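Please brief me on this model.

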2 protein chains.
Amino acid sequence: MGDQVADKMENLTTSDKGQKKECPAKKEDGDGVPAAPSSSGGGGKAALKVPKGTRDYSPQQMAIRESVLATIIQCFKRHGAENIDTPVFELKDVLTGKYGEDSKLIYDLKDQGGEILSLRYDLTVPFARYLAMSKISSIKRYHIAKVYRRDNPAMTRGRFREFYQCDFDIAGAYDPMLPDAECIKMVEEILNALQIGEFQIKINHRQILDGVFELCGVPLEKFREICSSVDKLDKSPWEEVRNEMINEKGLSPEIADKIGKKIQVSGKPNDVIAQLKSDTDFMSNPTTKQGLESMELLFKYCQLMGVEESSVSFDLSLARGLDYYTGVIYEAVLISRGKGGAAVGVGSIAGGGRYDTLVGMFDPKKRNVPCVGVSIGVERVFSIIEQRSDKKIRTTETQVYVATAQKGLVEERVKILSTLWGSGIKAEHSYKASPKLLQQLQYCEEMQIPWAVVIGEGELEKGIVKLRNVATREEEEIPRTDLIPILKARLS
Amino acid sequence: MGDQVADKMENLTTSDKGQKKECPAKKEDGDGVPAAPSSSGGGGKAALKVPKGTRDYSPQQMAIRESVLATIIQCFKRHGAENIDTPVFELKDVLTGKYGEDSKLIYDLKDQGGEILSLRYDLTVPFARYLAMSKISSIKRYHIAKVYRRDNPAMTRGRFREFYQCDFDIAGAYDPMLPDAECIKMVEEILNALQIGEFQIKINHRQILDGVFELCGVPLEKFREICSSVDKLDKSPWEEVRNEMINEKGLSPEIADKIGKKIQVSGKPNDVIAQLKSDTDFMSNPTTKQGLESMELLFKYCQLMGVEESSVSFDLSLARGLDYYTGVIYEAVLISRGKGGAAVGVGSIAGGGRYDTLVGMFDPKKRNVPCVGVSIGVERVFSIIEQRSDKKIRTTETQVYVATAQKGLVEERVKILSTLWGSGIKAEHSYKASPKLLQQLQYCEEMQIPWAVVIGEGELEKGIVKLRNVATREEEEIPRTDLIPILKARLS
């Protein structure tokens, strides 16, 4: 499930940086035009650019993207998830009234006659529409696709307007906290597998927030907007949030202070549970009490599932932006250790929660399908891994390069290639009829192709080929008839 | 490279049919709402639909899509291709003037302030824009992504407005026909690997068509529109095409008849080459003669690469719609055998050709990057495989289901699950605290999960679990401590 807060961070990557990685231009066969690394400009013509907030993915970037997504998909599949896809655009009506004030960021299509359409803003609303339309009452699915937001880059630097979401959701009427705990387990597994550093999953419950507002005396109709103010606590100090509550949202200073005291509580689940249980205010309110019981069950399941205690925190100030959450909410943040080892959150990397009433907004009979899900901020992950990778990433899987030492041997090269392809070996050659040997071998090194088969007239006469280990530059002569079995043995 | 003619067929699939496959609704855990198979309607609300010409992909359809794309990608990688991606929309200017009269099918975005954008119509124009913008002079890449066309379903039934293209292109200044032959080899490999039936790859050369027009006396400025008429020969009889040439394009009947005689020639490459060589008209024109020499070289390389003679035909009536082709053109058609074994083409499944001047349209200094490529009509492939698959396709990869025989054992289930996940085993359980055993086992059979681990109080006391082979329904008792090694052995 994709939602606002996670996405605020998800698309916070260095747009230009990615473009500056050089695509592995094939210099051997180049036509003399130097390969320029930047794709952010192209000369005199105004049209030679990509739309604002978007980017091309070079082969290097695609290699990273593929590897990150494969890791995540493996985890989704380990938990038995199915895969679905929905159209990139929806009827505008489907999106209307689902995103609050962020609706202004939706891309609309031009009215060219026919239906009025908009590009999808996240994957959660299309998922809810899909469930209602297909009358699906239970499914565990993932969905990896691009979403579109007309964010204003002047205000929010470095954000993308087209970016990936990577969602996993469990829909269905089930027993409390079993699907919710599995989502948290999944976040832990994925972040461990991606190896992008220390993280912590903050967890809270909307019922606890509602109960706190209740016992602090916030009027019911202000619950959601006060929740929005609390949501800002991850970026703003309490004083600012307090001012907003008082000056913009119209709370009395007393109520705001009460809220501040109650929600600025976080720590190890067992410690926070113990602290809350000793708070008579908190325990006397049925809503907070019930929310706490839910959290106890959630943490019990998390523990049984093997979630590390250090991976999670119970954080009463976590609010999440979107209105549609109805239960557990969570957000994973990357941690940076300052001097003395103090943990500092450096940005959200995943988030989600329970939303039990969104499907009912689409169902003609208002039937609800309870849902819980998580969205992984993969753009951020791509960006972290791109910045970190010092060694050159392979962009092809070529195993063997067929090279010629003399002119005019293109036909022999093609025959060998054909045999290699026919044996399932990934193989390339130069598309020049008479390429220079040095350039062919340089290409192999640059593209990290492990083996080169080199033929010359001498080899042809003797019925042999030279097999070159590209990394060590060692060469050996082998009978041409043994080439396939020998290569298969080396490659296995 | 995606182009018009291939795509005419590519999105010609049975839109509704796909939707009628039932998504594997998890009945065990359903909330009592019956799962309806159709997603083409949803009740009283007008908004509960997907946009015209689009569809959701159910888990069943995604399983087919993933398997088809994996087969194709494997082939692309065997030929050393890199992967790229571009944004779903482009500046409108980028697309303007590239698609002739089909430009009216482009989806425009609403002007919400800022740039004027359109959804991509194919992957070829964005590729050319990418090459020019990134100053890449040589690359061998594939690109698999959705494209958008406001086709009128009333006129062209069953077509999609959102559909996949699956393109492979080789860009760079190389020696003649080496990249071109590899594209044809690739089409043969992919169609063989997909096992969707008999096919034939028709091949022609734009230079031959141009030369024929020249020697038949067509005025130079009419070349492209007469080429468009010839392109219709795959669907219309010669008489209709002749009428169009005369009545709409203004050719004289004599010239039209001459063209008809020259281009209605097709067959085995060697036969056609011999026939053309004995045609003094044809051999006296430098353009046709040169085109024929190119085709001879192409077929020689195809043969050396192991392309079957029966897979290809030299067909002078193949024209391809798009203006931008400058050399070899090809189109693969599926063949149906009538009575007596006569071959009848039943629709295009792949197509492409050489386009040496498209990149120059974007380059500020008009520098060209010669390109040749092919687009696989994957929507058609999805559709063929969907219609053919009788047995139920697995939509998850779950290896083990953890079931309980009595109530109240959810914690034990979760502990076992956690061990399985920790060992990399794909495992699921019911999200109900006390599910019925029969329903759990039925779910395993329905979802084709190979193994079930069943625990009851008796097993727990004895420190064992029951391991059930779901297909044979055989059960055996094994020590709980041996569960992981035994499962790993069974699953390997």
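Which backbone oxygen lies 2.9 Å from a polar atom of the side chain of K185(A)? The backbone oxygen of M305(A) does. This is a predicted model, in which local features need pLDDT of at least 70, side-chain atom pairs count only at pLDDT 80 or more, and totals for chains, interfaces and linings use all residues. Residues are numbered from 1 along each chain as its sequence is written, chains are lettered from A and ligands numbered from 1 in the order in which they are written, and side-chain values use heavy atoms, with hydrogens and water left out.

**Chain A and its residues**

- Chain A has 18 helices and 16 strands. Helices (H or I, at least four residues) and strands (E, at least two) are DSSP runs, numbered from the N terminus.
- Of the 492 residues of chain A, 60% count as buried. Buried means under 20% relative accessible area, exposed over 50%, and partly exposed in between (1.4 Å probe, protein chains only).
- Among contacts (heavy atoms within 4.5 Å) in chain A between residues at least 6 apart in sequence, 71% join residues at least 24 apart.
- K185(A) sits in helix 6 (residues 178-194) of chain A. K185(A) counts as buried, at 8% relative accessibility.
- Beyond its neighbours within four places in sequence, K185(A) touches H79(A), M305(A), G306(A), V307(A) and W421(B).
- E293(A) belongs to helix 13 (residues 286-304) of chain A. At 42% relative accessibility, E293(A) counts as partly exposed.

- Chain B gives 120 residues to the contact, and chain A gives 120 residues.
- About 10,300 Å² is buried between chain B and chain A, with carbon and sulfur atoms giving 57%. Buried area is the accessible area (1.4 Å probe) that two parts lose on being put together, summed over both.
- M133(B), W421(B) and Y431(B) supply 9% of the area that chain B buries against chain A, more than any other three residues.

**Salt bridges**

- A salt bridge is a side-chain nitrogen of Lys or Arg within 4 Å of a carboxyl oxygen of Asp or Glu.
- The interface of chain B and chain A holds 18 salt bridges. One of them pairs R129(A) with D56(B), with the closest N and O atoms 2.6 Å apart.
- R55(A) and E379(A) form a salt bridge, with the closest N and O atoms 2.5 Å apart. R55(A) is in the loop between helix 2 (15-20) and helix 3 (59-78), E379(A) is in helix 14 (residues 378-388), and the two are 324 residues apart. Both are buried.
- D180(B) and R354(B) pair at 2.8 Å, N to O. D180(B) lies in helix 6 (residues 178-194) of chain B and R354(B) in strand 10 (residues 343-355), so the pair ties together parts that are 174 residues apart in sequence.
- R354(B) also meets D356(B) in a salt bridge (2.8 Å, N to O). R354(B) is buried, with a relative accessible area of 13%. D356(B) is partly exposed, at 24%.

Terms used: A polar contact is a pair of N or O atoms within 3.5 Å; within protein, one must be able to donate a hydrogen and the other to accept it, and residues adjacent in sequence count only if both atoms are side-chain atoms.
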